[in-house]
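Please open the model in your viewer and keep the sequence panel beside it. The stops below say what to select next and what is found there.

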Amino acid sequence: RNLHGIKIHYSNGSVIHHNNFINNTINAPEDVYPNVNTWDDGYPSGGNYWSDYTGVDLYHGPYQTETGSDGIGDTPHILDARNEDRFPLMGPISVFDAGAWNGTSREVHVISNSTISNFHLNKTERTLGFNVAGPDYAVGFCRVTIPNIMVQDLWQNNYTVLVDGNLPLMTNNWTDGTHTYIYFTYLHSEHEVVIIPEFPVHMILPLFIIITLYTIVLRRRKTKP
């Protein structure tokens with residue numbers, strides 16, 4: 001917490017995004033010079049988290065007109081007459097090192113109104129997870145941004161999000177040329193979130209038949225005199 005979150009003087013064309021501006025007296029004071037800067041990374045990457053932003057998140061899409069939340073505010077955050085964050089984040093952003101993939105360092109970003117902890121990635125088991133915590137019974141959300149190369153290598157682009165082993169209240173996901181974005185909600189308080197490979201659909205029916213037959217055999221054995 002500071003008097004000013006960020007102060008830009010006599011500078012045009014700066015690009016500022018994926019920062020957390022929390023509880024500053026003035027997050028970004030207007031300069032005496034008519035500066036014009038860019039305060040977001042476009043959609044769906046998004047802008048910054050501003051603790052004084054009062055907008056809501058009911059829609060998604062580049063024009064925020066498609067029904068369903070995405071972790072980005074539906075209206076811009078106005079800084080001054082010349083500057084705005086077109087895609088303000090609805091929760092603080094946390095950045096986690098995901099190691100090297102194809103020789104390039106990668107990051108996983110988590111935007112959430114929960115406290116995020118214990119981020120972990122297991123390439124052998126093909127799982128990615130972390131813990132979330134927040135006030136009891138309040139609705140929590142996460143928007144997880146993962147490089148597409150990781151999504152392909154870990155899950156062949158098919159994955160399932162689990163919250164304490166259960167499906168989230170709702171899930172929305174989309175991709176662009178470089179990243180996959182996964183948005184989901186849950187009820188607080190504390191949970192373990194894990195993203196795992198999606199079970200192949202074509203295997204569900206055979207597995208169900210096998211389990212059913214096995215159950216019938218067990219019951220018959222138990223009922224024998």
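**First stop: Y59 and its surroundings**

Select Y59 and display its contacts (heavy atoms within 4.5 Å): leaving out residues up to four places away in sequence, Y59 touches Q64, T65, E66, T67, G68, S69, D70, I72 and D74. This is a predicted model, in which local features need pLDDT of at least 70 and side-chain atom pairs count only at pLDDT 80 or more, while totals for chains, interfaces and linings use all residues. Residues are numbered from 1 along each chain as its sequence is written, and side-chain values use heavy atoms, with hydrogens and water left out.

Y59 belongs to strand β3 (residues 59-60); helices (H or I, at least four residues) and strands (E, at least two) are DSSP runs, numbered from the N terminus. With a relative accessible area of 33%, Y59 is partly exposed, where buried means under 20%, exposed over 50% and partly exposed in between (1.4 Å probe, protein chains only).

**Second stop: S45**

Move to S45, in the loop between β1 (20-21) and β2 (49-50). S45 is buried, with a relative accessible area of 12%, and, not counting residues up to four places away in sequence, S45 touches H18, L89, R143 and Y181.

Now colour the open sheet of four strands, whose order is β9-β10-β15-β12 with antiparallel pairing; two strands pair if DSSP finds at least two bridges between them. Because β9 (115-122) and β12 (159-163) stand at the edges with a single partner strand each, one side of each is left without a neighbour in the sheet. β9 pairs with β10 (residues 127-133) in the antiparallel sense over six bridges, and L121 stands opposite L128 in β10.

**Last stop: the nonpolar cores**

A nonpolar core is a set of buried Ala, Val, Leu, Ile, Met, Phe, Trp, Tyr and Cys residues joined through side-chain atoms within 4.5 Å. Of the 26 residues in the largest one, V108, L128, F130, C142, I146, M150 and F184 touch the most other members. Helix α1 (residues 148-155) gives the most to this core, with five residues. Apart from this core lies another, of 10 residues, among them I93, I111, F141 and W174.
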